[in-house]
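Here's a quick briefing on a few side chains and what they sit next to. Take a look at the structure, then read on.

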Amino acid sequence: MTTIKQAILGSAAVLMATGGAQAADLPVKAKAVEYVKVCSLYGAGFYYIPGTDTCIKIGGAIRIDTTINGGPYDAPFWQGGAGGNNLWTKNYYLTRERVNLTTDTRTATEYGTVRTYANFQLDFTQDRDSIAGGFTEVDLAFIQFAGFTFGKAVSQFDPQWALTKPYISSGFLAGSNNTTGLPQIAYMAEFGNGVSASISLENASPYRNAGLYNTANFIVAPGAGQFGNQLYGVSSYTFLGNSYGGNHIPDIVGNVRLDQKWGSLHFGAAMHAITPGFYGATEATGHADDSYGFAVTGAVEFKNLPTGASDSLKIETSYGKGATKYVFGGGTLDTQGGGRFAKFDGNTVGFGYLLDGVFGTNGQIQQAETWQVSAFYEHYWNTAWRTSLFGNYSHISYGDGGNALLATAFGPGLGGGRLGTSTAAAPTGTNAGSISGTTNNFDFAIAQIGTRTAWTPVKNLTLSAEFTYTRLDQNLGGIYTGNVSGKPAGQAYEIKDQNLYNGSVQILRSF
């Protein structure tokens, strides 16, 4: 019996040892998979990045634009080969396709939310790119932490609703309008009850430098007239009239804001540094003293109007001296020093320059004075249909001193004046021209009015159509005589106010 018990116990021990060895060979249980979790702290669309406490939202849009009798940003034809409505060679319409991508990350910390945001575009435009070409632009890229903003963000000069104006694109002038953002270091303090204030240092180039005209040393490439080639697209044209020096100090910008359920109030101000180049070609010729311009703005937004719960009215006005692009900031301005508005129509022409100031030999900068007022009203007929009406009036004046310098630069002399070819080495050229019988008053204004109707048949899909009328209202008058691309040589044109009409249609899919 004892022998049998020993045998049984021995067998059991062997079985237990064998089972233990087999259990040791089994795979270890896998760690639970970390699934993406919804982050409800910052609104819809945010998710936790797996393994972190950071929330991220990825979005974007695809936008298809077609502009009739205008530029790719629904801007009226001001310059280039399409400046004259009677030119056979101009495009009657332009198309643009855009892919927009955004990322927004946020992390809660003991100092508040740390946020990063980036918005960039992939564009293809009919009149700019090759068959499969395109270009990339970075509109916004910034970091926010403890009240500070570092990077490319909407200027602190602009109102809260700068990115939600009810039109298709940025061809409308409408004040500052820097929807692409400006490089800056900013700080915002919140005081409660919707009151806040901000101050920032912003990089003025190329967004805020509207051009500086040195009438003593204006140079264009040989065989290329400023007026003729600037407006009519001769490829040899080189604009060297921008006499800005380097950026020595950033613009200083500040604002005070109030945000309430009924709407918002915004008051902003900016100091703009103007650093001139040399009077001549070298440092030995000297230069005018640095100058400082400024701009101020006020804006108000009314929500939930009696006309409809979703309706809104936005009004903005601004004034500047030596800070033109804070007032004339729409998409028609180029980034190489000022806007150059011009248009031929039959036997008439209208043109004007947007500059921060003018100076001549051994003289000081004569600052330009600007002001504007704009308004935007949007009405929702129902949840799918809405219509907006918007208008703007912008004015620039150069004063007696500035007008006298411009009159000398644009008048006859030097082989045809600054409207034609004018260089020391080549005082005449095929596009030489001049103005005569004028008032020598280069002040002008631009008035715009437009309307847009948008239809959203399903969520995040919008089809819209827009029409804009623009009037170039000038004080110059007189006759321009010279050569213009596509026109008979030496023809005379009466300098008059000009009317421009353009429209645009768009399909926008957001996600």
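Thr307 is partly exposed, with a relative accessibility of 46% (buried means under 20% relative accessible area, exposed over 50%, partly exposed in between, using a 1.4 Å probe and protein chains only). This is a predicted model, where local features need pLDDT of at least 70, side-chain atom pairs count only at pLDDT 80 or more, and totals for chains, interfaces and linings use all residues. Residues are numbered from 1 along each chain as its sequence is written, and side-chain values use heavy atoms, leaving out hydrogens and water.

**Around Thr307**
- You'll find Thr307 in the loop between strand S12 (291-303) and strand S13 (312-321); strands are DSSP runs (E, at least two residues) numbered from the N terminus.
- Leaving aside residues up to four places away in sequence, Thr307 touches Tyr377 and His379 (contact means heavy atoms within 4.5 Å).
- Trp381 is 74 residues from Thr307 along the chain, and their C-alpha atoms are separated by 9.6 Å.

**Aromatic rings**
- Rings of Phe, Tyr and Trp (its six-membered ring) pair if their centres lie within 6.5 Å; planes under 30 degrees apart count as stacked, over 60 as edge-to-face and the rest as tilted.
- That rule gives 18 aromatic pairs.
- Phe467 and Tyr501 make a stacked pair, 6.5 Å centre to centre with 25 degrees between the planes.
- Phe467 is in strand S22 (residues 461-474) and Tyr501 in strand S25 (residues 498-510), so this pair ties together parts 34 residues apart in sequence.
- Trp161, Tyr167, Phe376 and Phe390 are linked into a cluster by ring pairs.

Note on methods. Helix = DSSP H or I, 4+ residues; strand = E, 2+ residues; numbered from the N terminus.
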